[in-house]
Amino acid sequence: MDSKEKKKLSESDICDLFITPAIKDAGWDPMTQIRREVTLTPGPVVVRGNMSSRNTKKKKFADYVLSWEPSTPVAVVEAKENNYSVSHGMQQALGYAEILEVPSAFSSNGDAFASHNKVPKVGEDIETEHAMEAFPSPAELWQRYKKFRGIADANESLVLQPYHLDPSGKEPRYYQVEAINRTIEAVANKQKRILLVMATGTGKTYTTFQIIWRLWKAKAVKRVLFLVDRNILADQTRVNDFKPFGSVMTKIKNRKIDPSYEIHLGLYQALTGPDEEDKVYKTVSRDFFDLIVIDECHRGSAAEDSSWREILDYFSGAIHLGLTATPKETQYVSNITYFGEPVYTYSLKQGIEDGFLAPYKVVRIDIDKDVEGWTPPPGMKDDLGYPLEERTYNQADMDRVLVLNQRTKLVAERVMKLLRATDPFSKTIIFCEDIDHAERMRKAIVNAAGKLAIDNPKYVMRITGDSVEGKNELDNFIDPQSRFPVIATTSELMTTGVDARTCKLIVLDKTISSMTTFKQIIGRGTRIAEEYSKYYFTIMDFKKATELFKDEDFDGEPVVIYEPGNDDDPVPPDPTDDGDSTTLKAEEPEGVYKARVSGVPVKIIAERVQYLSEEGQLITESYRNYSRKKIRSEFSSLDDFLRAWNDAKWKQLIIDELEGHGIDFAHLEKEIANGCGAFDLICHIAYDQPPLTRAERANNVKKRNYFTKYGDKARAILEALLNKYADEDIGAIESAKVLKYRPFNEIGTPVEIINEVFGGKDGYEHAIEELEHAIYDLKQSTGN
C-alpha cells in the first residue's frame, strides 16, 4: 500500500492491517495474550445540582494490553493514524503503563514501533524505534517485567497462578489486579507482614478473595483465617465474594475451630475474650493457619492488647495481611509500624477521579443555637425539673449533654424536605451522637415523614448495636431490591463495613473529630450503582464534620508519627484518647446526664451547597455554570462555535464531544429551556443568546416554503425528518438508520429512498445538510 492510501486509513484500519499482524507475528497469542481497546477507567462522574453525568473525555482505555498470562499484563501499545508520527502516542502509552505498573510501552502509526523500556540494559537507550517486523517476543517482555517487578525465576509459578474465573464474566479492575499481584509477589518474596490500603467501595473483599484463591490454588497456603469484627461482614463475605470456596469454607461459631475446613471466617469475639477459656484460637496449634487476613485492621490498630494482635502473636509464623481503607497514624498508634509500608494504595480521591467511586456534594447547614450558642435564663430547669448549668451551650454540647427537642425536629424536617424534593425513597443513613439520639431522631423522622411513615412502618428504623429489631433490618436496608427501610438512624454500627450500594444521602448530626471515622462514614456512600441510577451521593452536615475535607490528612499519604528509639518497644503504646472509639458496647457515654429541654426555638441561619471539583476541591458551582465553562473551553466565542457548527458535516459529533466533558443536554433542557435542542442550549448557556425551541425552528422552516423545490416523495421525507428533529433533536436525522422506521418505511426501504428519491448517497446527504442549514438559519441563531 502506498503512503497516500495509508494516510487515508482510520486508526482501526491501521490496527487491523498493520499493528495486530506485527504483534501476532512476534509470537503473541491473540486469544490469551492480546487484548484490544481495554477500558482502564470509565471517567469521573460530574455532579451539579441534582444532575450527574460522566466526563468520558477523561475515560482511559488502552488500544492494546499485552499479557504474559491473562492475570499478568506486561506491556501497552497505543495506536495512531498514519498521519501522525510513530511516537505520537507514546505519552498516552506511558500514562497507561504507569496505571498498570508495567515497564514496556509502545506507540505505532503502522510504519514502525516506538518503544519505551523502563529497565534498559547498560548502554541501551530508554526510547528506541524499530521496524514493524521486529516487535519484541512475549518471552523478551516477560523477562523485562520480571526485572522491573523483582520477580525471581523460582517464584514464577506462584506469581502466574490464574485468577478464579467468574461465570458472570466479572474480572478485576486495573487497581485490583495491581493490588492482587503486589500481594502475591510480596508472599513470593517471603514477606510475612503485608498491608493493602484501598478506599471503601473499591472491592477490598473481592480483591482479598482473588489473593486467597491464587495462593490456595498454588498451594502456597492451605488454611486461611479471615478476621472481621462485625457479624454481617462475615456473612456478606461468605455468601458473596467468597462463595466459590464452597464446601472448604466455614464460619467459626460455637467457640470451635473445625480442622476439617480450610477457609475460616471468624469474628474476633468468637475467637477470644477477657478470660482464658474464651481464647478459642489456642485450641489449635500455632502453625494451624498459613495466612491470616485482618479486615479493617485500623480498628484496634496495632495496640498491643488489641484482639487481632493477640491472635496474630499466637499465629506468628503465618502470613499476616492487613486490609484497611484508612491507615491509622496517630502519635500513639500505627498499623504501618506493625505491617510495614503498604504494598499498594488506592485512595478515595483516585477512585473518584477514575470514575469507580461516586463523587459527593455537601449541604452544610448551620443552626442558630449551634453557632451562636444558647445560654439558659437564670434558674431555668430542664423537662425533668433539674436545674440547668448556667453557661453557654454550643454545637459540641448538642445531643451529648443538652437535648433541644426543637433542634431534633428541625433536623428531621430538613432531611425530609431534601428527600421529598428529590426521591423520598432514597436510601439514607443519619449518623447520631449515640443510641439515645438515634432513637429520638427516628421518632422525629416518623413525625416529619407523615403519611410515608404511616403507610410503611419500616420507612425509618433505628439500626444500633442494642436493637435486635433494627439489626434484623440491616440486610433489607443494604439490599438494593428491598425498598424498606429507607432511612436508618444509627451511631456507630453502620460506620464501617456495611455495603449499602444504593445509599444516596448521608446525614451527619454527629461530632466527628477522627479522620479515620470520618473516612469510614463517607465510605458508606461512595459505591456507584448504575443499574439503580446511583452515580453520586449527598452529605448533609449539621455538625461541621465536613470541615475535615480541608484537612491535609484527608486522602494524604500515611505517615508514621511514632518513631521508637533503640531501647523502645517497637509496638506503639496503647492509645489514651485518639477520639476514634468504635466499640459497640460504649455507644452512649456512661454517667453523663443529658438535660432535655422543650420549647426553645431553633432555626437554620445558613445553608450552602458545595460540589467536588475535578481538582478534588469542594466548590460552589451550578451545573449551568459548569456547562458554560466547559463549552467556552472548547469554543471561546459565539463566532468560534457557529463557525465549527456550520463547518461540521455531522452536528452530532460536536454534541458528543461536549457530552464527553460531562455536559448532559437532556438534563439542561429540563432545567433551563424545555423543548430546546443542543444548539440553542449551547448558545443560550455559554453566549447568552435567546433560545428557540426545536418546534419553533421547525415551524420557521415550514413558513419559508422551504420544501417547494423538491418533488412529492422527497418533500414528504424531508418534512418527516424535520418533524423528527422537532421531537428529538438533530442527531435523530443525521443517521440513515432513521429511514428504517415509520413513516419512512411506508415510502420505501432505506436503499430505495436514498437511491431512487435522492439519486444516491451524496444526494441524500446534501439534502440533509441543506435542511440543517435551513434549521440553523444564522439570523435566527444569533438572535439578530
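This note goes through the nonpolar cores and the salt bridges of a predicted model.

1. Start with the inside. The largest nonpolar core has 119 residues. Ile19 and Ile23 have the most contacts inside this core. Helix H6, residues 174-188, gives the largest share, nine residues. In general, nonpolar side chains of soluble globular proteins tend to be buried together.

2. Leaving aside residues up to four places away in sequence, Ile23 touches Trp28, Ile34, Tyr64, Leu66, Val77, Phe113 and Phe135. There is also a second, separate core, with 52 residues. Leu638, Tyr710, Ala767 and Ile768 are among them.

3. Now the charged pairs. The structure holds 48 salt bridges. One of these joins the side chains of Glu5 and Lys8, at 3.5 Å from N to O. Glu5 is partly exposed, at 40% relative accessible area. Lys8 is exposed, at 65%.

4. Helix H6 returns here. Arg182 and Glu178 both lie in it, four residues apart, about one turn of the helix. Their side chains meet in a salt bridge of 2.9 Å, N to O. Is Glu178 buried or exposed? Glu178 is buried, because its relative accessible area is 2% and buried means under 20%.

5. Helix H8, residues 231-239, holds Asp235 and Arg238, three residues apart. They form a salt bridge, with the closest N and O atoms 3.7 Å apart. Asp235 is partly exposed, at 26%. Arg238 is partly exposed too, at 33%.

6. Finally, a network. Salt bridges link Asp370, Asp399, Arg407, Asp434, Asp436, Arg440, Asp509, Lys594 and Arg596.

Methods: Residues numbered from 1 in each chain as written. Predicted model: local features only at pLDDT ≥ 70, side-chain atom pairs only at ≥ 80, totals over all residues. Heavy atoms only, no water. Core = buried A, V, L, I, M, F, W, Y, C linked by side-chain atoms within 4.5 Å. Buried < 20%, exposed > 50% of the residue type's maximum accessible area, 1.4 Å probe, protein only. Helix = DSSP H or I, 4+ residues; strand = E, 2+ residues; numbered from the N terminus. Contact = heavy atoms within 4.5 Å. Salt bridge = Lys/Arg side-chain N within 4 Å of Asp/Glu carboxyl O.
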